[in-house]
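Please read them with the coordinates open.

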Amino acid sequence: MTAKELKLDYFKFYDVENLVAEAALLLRGQFDRRPQEMKLRLLDFFGNPVSKNGEPLYDKQAHLAWYRGVQPSEPIRRAVLENQFGKFDIRTGTGYGLLVPTQKIERGSAFPEQLDHYKVYRLVDVEQIPTKTLKLRDQFGSDEVRLRLPLYFAVPVMKRYAGKTYPIHNDRAHLLIFSITTRDLRKSVKLRNQFSNGMGVRVVRSLMLAAPSLKRTWKQV
């Protein structure tokens, strides 16, 4: 289940100097019977597509801006996932935020038109995994990291905002997001998405790795 096979990249997420964001939107994914409201509050993290252990990228233009959001409480769901690191039996809490397709503005870049929005759920029952060492390479450089605990699960969602609906393009691939050993970084980037047009962002450290994953089964607990 490589990035090419699932048509979704691995993403290395970086902490950024937080910026206020204000938007109210409706989201609907495979957990939802009807659209759910979420209010975005701030830009929390930024994700680059990343090559893991020399595997090719699926889309080098694909980037994700992670916005923290607030919304009504949700029931716990249990899901069984599978990815290159194994099988995972997880339980999700209330929605925590939204991953938004984003262009990193630089020469030769383009907006990732086929990249989905992903609703992020914090995991309420964290599963320990054997320590794995990975070689990661993205547009900020190369490093070797240790994979740690899974912290979040991200589900592709339909988004309705400002009178427009953004459909799901790839309902098969999800993202299981792990903590990794951190590395300090000082980079300034400019981002463009539906909530920002050329916003300058200061990247400060690497924190997490999102792995494309299949959701085999799920149920409400």
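1. From the N terminus on, the order of elements in the protein chain is α-β-β-β-β-β-β-β-β-β-β-β. That comes to one helix and eleven strands. Bear in mind that this is a predicted model.

2. Overall size. The radius of gyration of the protein chain is 16 Å. The globule rule gives 17 Å for 221 residues, so the chain is as compact as a globular protein of that length. Along the principal axes, the C-alpha trace spans about 40 × 40 × 30 Å.

3. Packing and contacts. Of the 221 residues, 53% count as buried. Take the contacts with a separation of 6 or more: 74% of them are between residues 24 or more positions apart.

4. Surface and charge. The accessible surface of the protein chain is about 10,200 Å². Carbon and sulfur atoms hold 45% of that surface. The chain carries 38 positive and 23 negative charges. How far apart are the mean positions of the positive and negative charges? They are 1 Å apart.

5. Salt bridges, K12 and D143. The structure holds 14 salt bridges. One of them joins K12 and D143, with the closest N and O atoms 2.8 Å apart. K12 sits in strand 1 (residues 10-28) and D143 in strand 8 (residues 141-161), so this pair ties together parts that are 131 residues apart in sequence. Are these two residues buried or exposed? K12 is buried, at a relative accessible area of 0%. D143 is buried too, at 15%. The cut-off for buried is under 20%, so both values qualify.

6. Salt bridge, R216 and E82. Here the side chains meet at 3.0 Å, N to O. The pair links distant parts of the chain. R216 belongs to strand 11 (residues 196-220) and E82 to strand 4 (residues 77-83), 134 residues apart. R216 counts as partly exposed, at 48% relative accessibility.

7. Salt bridge, D125 and R91. The closest N and O atoms of this pair are 3.5 Å apart. D125 lies in the loop between strand 6 (117-123) and strand 7 (132-138), while R91 lies in strand 5 (residues 86-104), so the bridge ties together parts 34 residues apart in sequence. D125 counts as partly exposed at 35% relative accessibility. R91 is also partly exposed, at 23%.

8. Backbone at K7. Most residues other than glycine have a negative phi. K7 has a positive one, near 55°. Where is K7? K7 is in the loop between helix 1 (3-6) and strand 1. K7 is exposed, with a relative accessible area of 53%. The cut-off for exposed is over 50%, so K7 qualifies.

9. Backbone at N53. Phi of N53 is positive as well, near 55°, and N53 is not a glycine. N53 falls in the loop between strand 2 (36-52) and strand 3 (63-70). At a relative accessible area of 43%, N53 is partly exposed.

Technical notes:
Residues are numbered from 1 along each chain as its sequence is written. This is a predicted model: local features need pLDDT of at least 70, side-chain atom pairs count only at pLDDT 80 or more; totals for chains, interfaces and linings use all residues. Side-chain values use heavy atoms; hydrogens and water are left out. Helices (H or I, at least four residues) and strands (E, at least two) are DSSP runs, numbered from the N terminus. The radius of gyration is taken over C-alpha atoms; the globule rule is 2.2 Å times the number of residues to the power 0.38. Buried means under 20% relative accessible area, exposed over 50%, partly exposed in between (1.4 Å probe, protein chains only). Contact means heavy atoms within 4.5 Å. Accessible areas come from the Shrake-Rupley method with a 1.4 Å probe; for residues, only the protein chains shown count as cover. Lys and Arg count as positive and Asp and Glu as negative; His and the chain ends are not counted. The place of a charge is taken as NZ of Lys, CZ of Arg, CG of Asp or CD of Glu. A salt bridge is a side-chain nitrogen of Lys or Arg within 4 Å of a carboxyl oxygen of Asp or Glu.
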